[in-house]
Amino acid sequence: MSTETRFRACPLCEAICGLELRFDDGVLQAIRGDKDDPFSRGHICPKGNAIIDLERDPDRLRQPLRRRGRDWETIGWDEALAEAGERLAAVQREHGEDAVGVYLGNPNVHHFGHIAYLPPLLRALRTRNRFSASSVDQWPHQLVNLLMYGHQWLLPIPDIDRTDYCLMLGANPVASNGSLMTAPGAEKRLKALAARGRLVVVDPRRNETAAIASEHLPIRPAGDVWFLLALLHEMAALSPPRVAHYGDRLDGLENALDAVRAFDTIDVEARCGIAAETVRRIAAELLAAPTAVVYGRMGVSTQRHGSLSQWLIQLINLFSGNLDRPGGALPNAPIVPVTGPGTPAGSRGRWHSRVRGLPELCGELPVAALVEEITTPGAGQIRALFTCAGNPVLSTPNGRALDAALGGLDFMVSVDPYLNETTRHAHLILPPASALTQYHYDVYFNAFAVRRVARLSVPLAERGADERGDWEILDGIGASHARATEKSWTPQSEPRELLAQWLKAGRSGIDLAALEAAPHGLDLGPLEPSLLGRLQTEDGRIQCAPPLMLDALSALSAEPPAAAGELRLIGRRHVRSNNSWMHNAPRLIKGKPRHHLLVHPDDLLAAGVDDGARARLRSAHGVIDVDVMASDEVGRGTVCLPHGFGHQRDGVRLAQAAQVVGASYNDLGDPSALDAPSGNAALNGLAVHLESIAAAG
Ligand SMILES: Nc1nc2c(c(=O)[nH]1)N[C@H]1C(S)=C(S)[C@@H](COP(=O)(O)OP(=O)(O)OC[C@H]3O[C@@H](n4cnc5c(=O)[nH]c(N)nc54)[C@H](O)[C@@H]3O)O[C@H]1N2
Ligand SMILES: Nc1nc2c(c(=O)[nH]1)N[C@H]1C(S)=C(S)[C@@H](COP(=O)(O)OP(=O)(O)OC[C@H]3O[C@@H](n4cnc5c(=O)[nH]c(N)nc54)[C@H](O)[C@@H]3O)O[C@H]1N2
Ligand code: SF4
Ligand SMILES: [Mo]
């Protein structure tokens, strides 16, 4: 038997851990964390090991599938790619360019083949009906970066390895491994932080990160904007802004502070459940710490006031002098730049969605509007859909309605290795070859990392002759669409050559040869201040008081306080789940079930539902049946359910996942619940009603 050990970065989550993979006679047998990766230092989670399951999965598609009524037939690549391009072009010829919609899911950003080869295809499709998982995720961050710093990816990263004090809201890196904060082995890093200084977690649930933190402050779902307003207000009462080192590069700070001061009579405890004196103490602690950083993530962004909250977080870091300062929040300076000349800075409102008139953000429309754009007749109606690495039926609000709407499309093509809840509606499924056969470089996650790092992943095996790499599929669709529309199509170089070009353009001095010579990756040092020199706003200053934020803030004053006795739904992630798509991996689904709705015991009593019973959960938009579990991790008024379940649907080819019980959170989702400035979906904080099945009738 021949045994070989090879290395690459994990393609599954933002932590980009280095992996050591053992192949026996060419077959992947074992995976460990790569202890020589200077960034991840041997860390691996159960999902990393589950790559073995993905490689062996008999349900994984390897050749194109074409629908034949209720059945599927396997077809060759040339035929499949030709048909994909031709049918998209045919719909556009008849109904206009916007009649083709696009949905891009989360894994796109995990594969160089997608990062580099999607943009030319999207340019060729010329549709304004572009949607992605960004609008159920980080849009508020992109919008606030754009408004304040002039570029969607001038993103200050919390310097968690060096800070003395971290206030963390709506994030659970111990389960999720950091997000817009690439930090492999986040748990170890945060434990070190808590030992060195203080880690305060603000979250409606005592999550896994709160369990290792110095302190947990339970907050009412979607109450963050009130907490952050009160916090900045208290800071401003305690100290003048510590902003001398920004010189004349600040614009509008006093305006912003005046707008915050206008909220001086708010009853913060009534609004968010955190007492005023606690807010005062946290303000003092933030100002007293030698270095401090506030970080807010998913739980903050996917709620009604996501953008306001992210704006206030930037202002708080700025006010305390910790923006663009070691130990605070600083943008990374990656060797393949995602900001600066030639990169899309971002935009808002260049066009609007047809039905609801929602503004475009950074070239896309809110995915919460996708259903109505498919089902509402008229010029510009979406009649064909291209999905790539996405499962919007389980991931976006109003998933059940989307499930139905997809069935009515004239044509749908999905680039995806699985026949799942979404792709079951496709006419063509184009499955990419394993990531292990592809070149990869983490263009985005190196840019979001808490250190300056770089790591190249080279193919560890050859793809099969009857398989295609992701980049080949995307290029192939573009070429056939161009043929069908009689346009020219210039294929890009192959991934290795393309990456070499990008590295050269980045002028870091690190070229492909240097990356190839460092199979475990390069550590280029800690984050360094660079924001002021990279601002892309028109006047080159930080815009502290963008009119869009000031308007949203004044609208907030009219919002009524939460009604007593209502239940608000929030989500959670588990280290053995990955959004909606890894429940087909046997090693991830074994053990106790993880789909339960967590309910405070008093709320169970009030609802007349027994611990462990199946009960009915209702929102204004849907009904699901859930298994409940009494838990004091959540306070009264908060119930908690993971997303990404709900696999029991006709025609899905996921033998393992089909046995995983649990309903889809997003079947309850309200497509009109948005963070208004960005259009991001307000997934968290949804009002729900719980009752026993018997009472529901
Ligand atoms: N209620 C609720 N909803 C949420 C969230 C939440 O916290 N709560 N989180 C939101 C967030 S943050 C996100 S990012 C979205 C995710 O939303 P999506 O990206 O739509 O969903 P995923 O579950 O990540 O689905 C990934 C899809 O990509 C496919 N795939 C996996 N690997 C590859 C590959 O290598 N190539 C290709 N072509 N396809 C691949 C999978 O089979 C699957 O179909 O969900 C959002 N939805
Ligand atoms: N194991 C695993 N890892 C993952 C993923 C996965 O599915 N599984 N998904 C990946 C993806 S796509 C992403 S975007 C990241 C997300 O990574 P994180 O941003 O860390 O997201 P979550 O782990 O969902 O944690 C969100 C927290 O927000 C809390 N929360 C909900 N509502 C509110 C609120 O109103 N206010 C406050 N303050 N908190 C609230 C929830 O209780 C939860 O603890 O994780 C990535 N990593
Ligand atoms: S933490 Fe993320 S990157 Fe690391 S092994 Fe797990 S899934 Fe892969
Ligand atoms: Mo995400």
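Trainee: How many helices and strands are there in the chain?
Mentor: This is a predicted model, so keep that in mind. The chain has 25 helices and 32 strands. Its radius of gyration is 24 Å, close to the 26 Å that the globule rule gives for 697 residues, so the chain is as compact as a globular protein of that length.

Trainee: What does the C-alpha trace span along its principal axes?
Mentor: About 70 × 70 × 55 Å.

Trainee: And how much of the chain counts as buried?
Mentor: Of the 697 residues, 62%.

Trainee: On to the ligands. How many residues surround ligand 1, and which are the closest?
Mentor: The shell holds 29 residues. Y103, N106, S395, D416 and S580 are the closest.

Trainee: Which side chains put a polar atom by a nitrogen of ligand 1?
Mentor: Take N666, with a polar side-chain atom 3.0 Å from a nitrogen atom of ligand 1. H643 also has a polar side-chain atom by a ligand nitrogen, at 3.4 Å.

Trainee: What about the backbone of V415?
Mentor: A polar backbone atom of V415 is 3.1 Å from a nitrogen atom of ligand 1. As for cover, ligand 1 has 910 Å² of accessible area on its own, and the protein covers 95% of that.

Trainee: How does the shell around ligand 1 divide by class?
Mentor: Into 14 nonpolar, 12 polar and three charged residues.

Trainee: Which domains does ligand 1 lie between, and why?
Mentor: Domain 2 (69–127 + 366–447 + 456–501) and domain 4 (566–696). Both give residues to the shell, so ligand 1 lies between them.

Trainee: Now ligand 2. Which residues are the closest there?
Mentor: S176, D203, A222, D224 and S577, out of 31 residues that surround ligand 2.

Trainee: How much of the accessible area of ligand 2 does the protein cover?
Mentor: The protein covers 97% of the 920 Å² that ligand 2 has on its own. The elements that give two or more residues to this shell are α6 (173–176) and α12 (298–301).

Trainee: And the classes in the shell around ligand 2?
Mentor: It has 10 nonpolar, 14 polar and seven charged residues.

Trainee: What surrounds ligand 3?
Mentor: Its shell includes C10, C13, C17 and C45, along with K47 and N177. By class, the shell has eight nonpolar residues, two polar and one charged.

Trainee: Changing topic. Where does S480 lie, and is it buried or exposed?
Mentor: S480 lies in helix α18, residues 470–485. It is buried, with a relative accessible area of 1%.

Terms used
Residues numbered from 1 in each chain as written. Chains lettered and ligands numbered in written order. Predicted model: local features only at pLDDT ≥ 70, side-chain atom pairs only at ≥ 80, totals over all residues. Heavy atoms only, no water. Near = heavy atom within 4 Å. Polar contact = N/O pair within 3.5 Å; in protein donor to acceptor, adjacent residues only side chain to side chain. Areas by Shrake-Rupley, 256 points an atom, 1.4 Å probe, with all protein chains shown as cover. Nonpolar A, V, L, I, M, F, W, Y, C, P; charged D, E, K, R; others polar. Domains from an automatic or database assignment. Helix = DSSP H or I, 4+ residues; strand = E, 2+ residues; numbered from the N terminus. Rg over C-alpha atoms; globule rule 2.2 N^0.38 Å. Buried < 20%, exposed > 50% of the residue type's maximum accessible area, 1.4 Å probe, protein only.
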